[in-house]
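Please open the model in a viewer and keep the selection panel at hand.

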Amino acid sequence: MEDRPYKILVVDDEPDLQPLVLQRMRRNIRAGRYTFVFAGNGVEAIEQLNADRSIDMVLSDINMPRMDGLTLLEQIPKVDPNIRSVIISAYGDMRNIRTAMNRGAFDFVTKPLDFKDLQVTIDRTLRHMAEWRDALTARDKLIALQNELDIASNMQKSILPTTFPVSPAYGVSAHMEPARNVGGDFYDVIALQGGRLGLAVADVSDKGVPAALFMMSSRTLLKGAAIGRNNPGEALGEVNDLLIENNETAMFVTVIYAVYDPETGTFTYANGGHNTPLVVHPDGSSTELPLTRGVALGVMPGIEYQQNTITLEPGDTVLLYTDGVTEAMNSGNEEFGMERLRQIFADKPPQGPEEAHRDVFQAVHAFAGAVPQSDDITCLTLRHAGA
Amino acid sequence: MQTEWEWKDEAIVARVDGRVDGANAREFQQGLAAVIKASAGAVLLDMEKLSYISSAGLRVVLLAAKELRTQGSKFAICSLSASILEVFKISGFDQIVQIYGSQDEALAALNG
């Protein structure tokens, strides 16, 4: 409720009404609950509403010279659609009452005026108006929030590559499905010297515009470090130290970053607090790569990131993903989990990089059913064809 | 999700239950902020009844750890279920925050 008294405009050509209202409502006026202003007809009422934007409510007679109450009802929303009107009608005049209600009157009272009833009607109208105003404020806040999330969502989409390098030696593909409340997953495929590829999947903590900004800088720093350093562990260490500068909000990003050499099939990865990659073999069996015990980036300076190298066999597919995959929930509150992820390929070995992540998304959707997606889901796949 | 707390000797023991995710991380943060404000030396976060924690929740734990370190207070967590412990291990946060198997073990270390 506002601190100032509600201001009610009384419109009637009957000069007796003004002293009567002031007299009968004097307690409420003295208590600071209402103030009254008066107009003699619809034209004067509109002039007053235009001149004084603090009027909350109109109480109007119907039959008046120059502009009657029913015409006034049509004019009020043009001045301010949030003003509520109550009509004073002759007792039993249902035709005019119905017209008034159709034209947006909130309520009516009948003549001769019963001031007790009038006060109840005024209070109800003002209460409704207060709730209406609260709802409007809430709606505005919601719109502002939605705008913010849209900005974040667009930022996120704009940085994800949608075309991928093509080679007879390998295939690579990736996909991200954002949750409704933007999280902050991203992936990247970076062409490096000597035909090698840098592959990254990352997940920023928290959501909204601050998380999206953090994601943008993480991605840019990672790309720079990837091109500048041959070694994934060193690249993550460099990004970590850069992210820590000015990170008062304790945001962090988990990253898996790998360098793949198509010529030798070597796959060297370093892990900053991220889910470990899965390697799926041509027969549908799979191997979880060992964790390298790295801390999420942006948390603590000076961390050295360990790395690990494996050699891919022809036909192996590496799956980099975020916890949106493994922590997707079904209606029974179960997580999708690692076992179900592996089972996808046990049943149907990957045919190609695109098919592989499509199968993952399909399985996760089928599992989650109608449960809304609470986190971004990202999956990057690399298939090593071999020489 | 709910956060309750009590004094045990010199330490405050805060218990969080249910799920902590993006939807209620702020609420969790406010709960911990009250604990941090009241604390005088040591805070233990008991996660026995915690069923799930997302990265937004981990961030709140991290913020608490940083804040308490700045204050010169000790901080630890205890009684993590296998799946929650896994989350701390994967994110590498087990290297940032002291983790104990039980409340007794943690309190002995914090109050000792």
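A residue is called buried when its relative accessible area is under 20%, and exposed when that value is over 50%. The model is predicted.

Begin with helix α4 of chain B, residues 103-111, where B:Q103, B:A106, B:L107 and B:L110 are buried. Viewed down the axis of α4(B), these buried residues fall within an arc of 95°, so they line one face of the helix. In general, an α-helix has 3.6 residues a turn, so residues three or four places apart point the same way. Turn to the other side of α4(B) to find B:D104 and B:A108, which are exposed. Next, display what covers the buried residues of α4(B): among the covering elements are β1 (2-8), β2 (11-20) and β3 (42-46) of chain B.

Now select A:L199, A:Y257, A:F267, B:L45, B:M47 and B:F93; of the 92 residues in the largest nonpolar core, these touch the most other members. Helix α2 of chain B (residues 55-71) gives the most to this core, with nine residues. Centre the view on B:F93: leaving aside neighbours within four places in sequence, B:F93 is in contact with A:F252, A:V295, A:A296, A:V299, B:L58, B:L62 and B:F88. A second, separate core of 20 residues includes A:F36, A:I88, A:F115 and A:M129.

Finally, move to the open sheet of chain A, whose six strands run in the order β6-β7-β16-β15-β12-β13 with antiparallel pairing. Its edge strands are β6 (166-167) and β13 (286-288), each of which pairs on one side only. Within the sheet, β12 (residues 278-280) and β15 (residues 317-321) of chain A pair over three bridges. Select A:V279 to see A:V318 of β15(A) standing opposite.

Conventions: Residues are numbered from 1 along each chain as its sequence is written. Chains are lettered from A and ligands numbered from 1 in the order in which they are written. This is a predicted model: local features need pLDDT of at least 70, side-chain atom pairs count only at pLDDT 80 or more; totals for chains, interfaces and linings use all residues. Side-chain values use heavy atoms; hydrogens and water are left out. A nonpolar core is a set of buried Ala, Val, Leu, Ile, Met, Phe, Trp, Tyr and Cys residues joined through side-chain atoms within 4.5 Å. Buried means under 20% relative accessible area, exposed over 50%, partly exposed in between (1.4 Å probe, protein chains only). Helices (H or I, at least four residues) and strands (E, at least two) are DSSP runs, numbered from the N terminus. Contact means heavy atoms within 4.5 Å. The arc is that of the directions from the helix axis to the C-beta atoms. Two strands pair if DSSP finds at least two bridges between them.
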